[in-house]
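Hello,

Here is the structure I promised to pass on. Please open it and read the notes below alongside it.

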Amino acid sequence: MRFYLNFAVLEADGAELSAGFIAAAVVVIVLFCVLISCIKIVPQARACVIERLGRYHSTWETGVHFKLPFIDRVAKNIVLMEQVADFPPQPVITKDNVRMQIDTVVFYQITDCKLYAYGHVNPISAIENLTSTTLRNIIGELDLDGTLTSRDVINTKMRSILDEVTDPWGIKVNRVELKNIIPPNEIQNAMEKQMKAERERRESIIRAEGEKTSQVLVAEGKKESMILAAEAEKQSAILSAEARREAAIREAEGKAEAILTVQRATAEGIRMINEAAPEDGYLTLKKLEAFTAAANGKATKIIIPSELQSLAGLVTSAVEIAKDETEETAPPAKEKPSAKKV
């Protein structure tokens, strides 16, 4: 009986120990989880706004941070990278009462996390409404053509106004772009017709300029061709004249060379005759041959040297003497019988 009582006491003590151990383990696990949850890692290009007991305490940058449990809390996670807000088309009216739709794109970046967290309840919605009203004010001062051709002016004005207004909210507006400008269908049709007419006008001008340029080029080509033909003729005439002059020079040189050769041969013959010392009879015979050749020519007047005249007289005397000798030596001729008279 005593043994059972001791065993029951031991069992009660073990149960109390087990319950205490479990409670301690649970407390340790809860504390560990709370500690783990108090460790916060902030990634790159992000920031966290920390409140302590419901009041702004600090801004955590990139890195590992520890907050006090049940006292500190992360009020807002903020992205520090540049962001874009694409707003739907807004109806606007130009100075010349043309209604159109314009949608805008705003590029912004958060520069002050505290002002962004506590400056405005919904800053993006505020930027959208501010963009719409600013766009209406700017477009109301421009006509349709000015609106379509002044995108850069409109973008610059809107960026300046939005950046100034959003500065107390910790937002920096980097760029504002007009994405689409959508005029009414009637205006679009009129613009298309105007564009078509302008393109046709430009086409006509370009065609006329092309024809003009073509005619000018053809005329210049003919002019150049005539100039080249004239220059070719000139060069041909110059070359022909030079060729004739060269031929005449060659012919004259040939004749001069021939005359010089003949004269040299004649002089050589005379020299050889002089060296041979010919007799007077040979010379007289040569003179006679020359006279005979001159007499057989076409000359109407012949001048006979005195030497040849004496020579001719001698020849005539010799001929007469020869005839006399012949008559003396010849027998007398017989008389012919006379004819009988009837």
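**Two packed helices**

Start with helix H3 (residues 123-139) and helix H5 (residues 151-166), which pack with their axes 10 Å apart and at an angle of about 140°. Keep in mind that this is a predicted model. Angles over 145 degrees count as roughly antiparallel and 65 to 115 as roughly perpendicular, so H3 and H5 are oblique to each other. Their crossing is right-handed.

Which residues make the contact? From H3 they are Ile 127, Leu 130, Thr 131, Thr 134, Leu 135, Ile 138 and Ile 139. From H5 they are Ile 154, Lys 157, Met 158, Ile 161, Leu 162, Val 165 and Thr 166. Sorted by class, the contact of H3 with H5 has 10 nonpolar, 3 polar and 1 charged residues.

**The largest pocket**

Now look at the largest pocket. Its volume is about 190 Å³. Its lining consists of Leu 144, Asp 145, Leu 148, Thr 149, Ile 187, Ala 190, Met 191, Gln 194, Met 195 and Glu 198. Helix H4 (144-149) and helix H6 (185-276) each supply at least two residues of this lining. Which helix gives the most? That is H6, with 6 residues. By class, the lining has 6 nonpolar, 2 polar and 2 charged residues.

Best wishes

Note on methods
Residues numbered from 1 in each chain as written. Predicted model: local features only at pLDDT ≥ 70, side-chain atom pairs only at ≥ 80, totals over all residues. Heavy atoms only, no water. Axes fitted to C-alpha atoms, helices over the stretch in contact; angles between N-to-C directions. Helix = DSSP H or I, 4+ residues; strand = E, 2+ residues; numbered from the N terminus. Parallel < 35°, antiparallel > 145°, perpendicular 65-115°, else oblique. Left-handed = near helix turned anticlockwise from the far one by under 90°. Contact = heavy atoms within 4.5 Å. Nonpolar A, V, L, I, M, F, W, Y, C, P; charged D, E, K, R; others polar. 1 Å grid on protein atoms, 1.4 Å probe; cavity = no way out; pocket = protein on both sides within 12 Å on 5 of 7 lines; lining within 4 Å. Points joined across faces, edges and corners; volume = space filled by probe spheres on them.
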